[in-house]
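Work through the exercises below with the sequence and the 3D view open. Try each task before reading its solution.

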Amino acid sequence: MKAKPFLIAAPAALALALAGCGGSTGNSTDGSSTAPKDCSSADVFCIGLVTDTGSVDDKSFNQAAWEGVKAMEGDGVQTKYIETKDAKDYAANLKQFTDQKYDAIVTVGFLMTEATQTAAKANPTTKFIGVDQFQEATVENVTGLVFPEANAGYAAGYLAGLLTKTNKIGVVLGQEIPPTQNYAKGYELGSKAANPKISVAKVYHPAGDNAFSDSPWGAGEAKKMLAQGADIIFGAGGGTGNGALGEVAKTSGAGTSLYCIGVDLDQWDTVPEAHPCLVTSAEKKLTDGTTDLLKQVKDGSIKGGNFNGKTGLAAFHDFDSKLPAEVKTKVADVVKGIEDGTIKVG
Amino acid sequence: MPDMEWLSRNKIWVGTAALVLIGAYAFYAVNSNIAVSMFSYAWFLAVPLVLGAMVGVIGERSGVVNIGIEGQMLVGAFAGFFAAAATQSIVVGVIVGALSGIAMGAFLAFSTVVGQLDQIIAGVVINIVATGITSFYFESGKTIPRGLPNFDVPLLSKIPLIGPVFFSDGPIALFALIIVFVLHFLLFKTRWGLRTRAVGEYPSAADTAGINVIALRLFNVTAAGILAGLAGTYLSMEATSTFERGMSSGRGFLALAILIFGAWRPMRALAAALFFGFMQSLASQLQASDVVNIPQQFINLLPYVLTLVVLAAAAGRVRAPGAVGQPFVKGD
């Protein structure tokens, strides 16, 4: 058998080149100021963002945090993101920013908690903001932007409890980690508070690399729940949850007898295919929280530990006129009650 | 009588199938709603696995290992979705998805059969390239007019249980079901099938008998790409109407396991895929209904553990085609 080494080498080289493209980095300056500024200078405020596995336009966490960073843009501010393709690369991606002496580094997602703390200890002068990262022990230069997901889930569940006709609702979640667990817990408690007869079907994605990007799985789970009589589905888990929303949207009865509820962001803007059923979204005000903390970094008032961001329900959009006024009032009362602390979740 | 002979040769399989059917209908009699939804979900998850396994069957039966099914699927999902989004036509999307599968199949075929590149390396290259290009050229916010619609097949969809599970789905799911039987017929009852199996078992003997080994392998591996492309299109346009990066989620690799589980035979691979789908459905049902208090991580192991058990029991009875993985050089 004759060997033809060039045939091995050529595709392999091509593969490497293209894989390099896949791990793309992006610059938010959009060509207006192409030359990277010197981040070690005191005049320049450099903000770097490292995404969790997923893209900066994932219609979820990464995107919302990146929008919070972009809100800081202006004179003397440089912003840049790095998309993580593999959880093994967290540290390497963080190092790209710390090597260039960025002033503030935003890391997105619970799974990056440890990598962020490690990088922070090695770079004590850089401020780190860990979006969705609960800090068990305080590291002086790390601030965890955390959201009481249970509160957002509670409001969503309360609305679902008022809307359901079948007394069966469902929730399709990503990997089982504290944020998704809290959403599920709040959702269950809220729905039971509105409607004690309700039963909640709850599924987590079998933990793995794709727990937040497996939209066909989410769609299948939603399909099964609907077939078993659920009439409201809460999709909480990135692309996986979005798959569930899309499935409800294309089932007959969407928007009249079947509804879906999005998560994390106002998914009306981010998942257009869910419009037929999307009543609202259980929202973490991630963008505002990121911007608030970055402002604190800039004026030097930031403290290590945890910072509680706001949660709530997104706008009803097309369903604003379709929902009974009584339902809207009750839900608004609950959201207010959670905010001022008269309703305690969990 | 030939039929009796066939029955006695396949008595284990026929018996198992009969038992499964009786079990399924017993379940249906107890709770038709849950039975239908669980079996529908099993088939919903099994469709891309079946199509992927068929790609593997065609390739390996002709002597070419294809571990690039995952990448072919991902590119199919990507190309189909974005072609549909750009033209606002789902028909164009499905065609482009299938064609992209052929293109990937052609790469595998030419590099391994003509260029004699190691088949495993070629497959790995496909997977890496697929992840790279679908991430790089991904654009968010695109939508397609709607996903491929579900429809009821006349008469067949009225059969209790089987009707709503297999005959009320979208066009690609129906195609996946049909292609299994078509491929079984082609592989075991036609001249093409005999030649394909010969080329996969003992290519030099096939060559001596006057079969063009190279041409047949090229054709088979390239054409099988259609099925991988359609499996991808199923993910992005039938099961959902969105593309997510990495949405093939290891289904192409699972298809390879199912290919082995199914002993390189189309109908057994279908059974294996359904079994796996049903195990996943069972895991999900146990988790959702909360009847038993077992951590979900443990429940989710169930499909894999049970598959392993069945695979171990079946091991030794299955045998790969003789020449799988070996390039053919005339006169060697």
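Ala, Val, Leu, Ile, Met, Phe, Trp, Tyr, Cys and Pro count as nonpolar, Asp, Glu, Lys and Arg as charged, and the others, Gly among them, as polar. This is a predicted model: local features need pLDDT of at least 70, side-chain atom pairs count only at pLDDT 80 or more, and totals for chains, interfaces and linings use all residues. Residues are numbered from 1 along each chain as its sequence is written, chains are lettered from A and ligands numbered from 1 in the order in which they are written, and side-chain values use heavy atoms, with hydrogens and water left out.

**Exercise 1. Classify the lining of the second largest cavity.**

Solution. Start with the term. On a 1 Å grid over the protein atoms alone, a cavity is a set of points where a 1.4 Å probe fits but cannot get out; a pocket is an open set with protein on both sides within 12 Å along at least five of seven lines; lining residues have an atom within 4 Å of a point.
- List the lining: Asn242(A), Gly243(A), Gly246(A), Glu247(A), Glu273(A), Thr240(B), Ser241(B) and Thr242(B).
- Sort by class: no nonpolar, six polar and two charged residues.
- A volume is the space filled by probe spheres set on the points, which are joined across faces, edges and corners.

**Exercise 2. Which element gives the most to the lining of the largest cavity?**

Solution. The count comes to two cavities of 30 Å³ or more. The largest cavity has a volume of about 60 Å³.
- Its lining includes Tyr204(A), Trp217(A), Tyr41(B) and Gln280(B).
- Helices (H or I, at least four residues) are DSSP runs, numbered from the N terminus. α7 (215-227) of chain A and α13 of chain B each supply at least two lining residues.
- α13(B) gives the most, with four residues.
- By class, this lining has six nonpolar, four polar and one charged residues.

**Exercise 3. Describe the largest pocket by volume, lining and class.**

Solution. Take the volume: about 2,100 Å³.
- The lining has 49 residues; Trp13(B), Ala17(B), Met267(B), Arg268(B) and Ala271(B) lie nearest the centre of the pocket.
- α2(B) brings the largest share, eleven residues.
- The classes are 35 nonpolar, five polar and nine charged.

**Exercise 4. How much area do chain B and chain A bury between them?**

Solution. The size of an interface is often given as the accessible area lost when the parts come together. Here buried area is that loss (1.4 Å probe), summed over both parts.
- Chain B and chain A bury about 3,900 Å², 56% of it on carbon and sulfur atoms.
- Tyr41(B), Glu244(B) and Arg245(B) supply 13% of the area that chain B buries against chain A, more than any other three residues.
- The contact (heavy atoms within 4.5 Å) takes 48 residues from chain B and 44 residues from chain A.

**Exercise 5. How many salt bridges cross the interface of chain B and chain A?**

Solution. Apply the rule: a side-chain nitrogen of Lys or Arg within 4 Å of a carboxyl oxygen of Asp or Glu.
- The rule finds two salt bridges across the interface.
- Arg251(B) forms a salt bridge with Asp214(A); the closest N and O atoms are 2.9 Å apart.

Key:
Buried area is the accessible area (1.4 Å probe) that two parts lose on being put together, summed over both.
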